[in-house]
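Thank you all for coming. I would like to walk through one model this morning, going from a single side chain out to the whole chain.

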Amino acid sequence: MINQKLRNTLLGLSLLGLILLFGASAAMAADDKLDVVYHVSEEDKVGFVLNNIQNHIEGIGGPEKINIVLVSHGPAVKRFHDIEAVNKVRENVAKLQEQGVTFEACANTLTALGFERDELLSGFVIAEKGGVTRIAELQSEGYVYLRP
């Protein structure tokens with residue numbers, strides 16, 4: 001009787017381990033890259049988030065091992081406005097784009113701020129349904145969510 005209980009417990013733990021392993025691998029794309037969505041809405045956090053993304057790329061072993069999307073909405077979008085962007089943000093965005101990072105801005109925020117799409121830094125994609133909706137979509141596709 002004890003052996004049967006022990007066997008059932010071990011089987012249960014093995015199944016749990018498989019489930020956890022599968023869950024962790026769900027964040028990996030078919031090309032074995034980790035999928036991550038970074039979220040920024042606060043203006044004063046933009047520089048910090050850009051640094052976090054660069055550190056993440058370096059920490060995981062290079063851009064070939066990770067897919068990163070930065071979704072911005074709210075006041076943070078102001079920092080990506082072509083005229084308003086400081087050189088450090090401009091340079092960091094360009095460097096991260098060269099490493100494959102995708103930058104998306106909330107369409108609703110652009111409207112609220114009175115910005116035109118072409119006023120953002122080069123290469124920005126517009127999250128047509130909104131920033132938070134885009135984040136939820138990416139999470140439903142298995143992206144790991146980070147909001148530094």
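Which residues does His39 touch, not counting residues up to four places away in sequence? His39 touches Leu70, Val71, His73, Ile135, Tyr145, Leu146, Arg147 and Pro148, where contact means heavy atoms within 4.5 Å.

Before I go on, a word on the source: this is a predicted model, in which local features need pLDDT of at least 70 and side-chain atom pairs count only at pLDDT 80 or more, while totals for chains, interfaces and linings use all residues. Residues are numbered from 1 along each chain as its sequence is written, and side-chain values use heavy atoms, with hydrogens and water left out.

His39 is found in strand S1, residues 34-40; helices (H or I, at least four residues) and strands (E, at least two) are DSSP runs, numbered from the N terminus. Because its relative accessibility is 6%, His39 counts as buried, and buried here means under 20% relative accessible area, with over 50% called exposed and anything in between partly exposed, using a 1.4 Å probe and protein chains only. The side chains of His39 and Tyr145 are joined by a polar contact of 2.6 Å, that is, a pair of N or O atoms within 3.5 Å, of which, within protein, one must be able to donate a hydrogen and the other to accept it, and residues adjacent in sequence count only if both atoms are side-chain atoms.

Val36 is also found in strand S1, and Val36 is buried, with a relative accessible area of 1%. Leaving aside neighbours within four places in sequence, Val36 is in contact with several residues, among them His56, Ile66, Val144 and Leu146. Val36 and Ile66 lie 30 residues apart in sequence, yet their C-alpha atoms are 7.5 Å apart in space.

Let me turn to the helices. Helix H2 (residues 46-60) and helix H3 (residues 87-98) pack at an angle of about 30°, with axes 10 Å apart, the axes being lines fitted to C-alpha atoms, for helices over the stretch in contact, and angles running from 0 to 180 degrees between N-to-C directions. H2 and H3 are therefore roughly parallel to each other, since angles under 35 degrees count as roughly parallel, over 145 as roughly antiparallel, 65 to 115 as roughly perpendicular and the rest as oblique. The contact includes Leu50, Ile53 and Ile57 of H2 and Val89, Val93 and Leu96 of H3.

Finally, the whole chain: it has 5 helices and 5 strands, following the pattern α-β-α-β-α-β-α-β-α-β along the sequence. Of its 148 residues, 38% count as buried.
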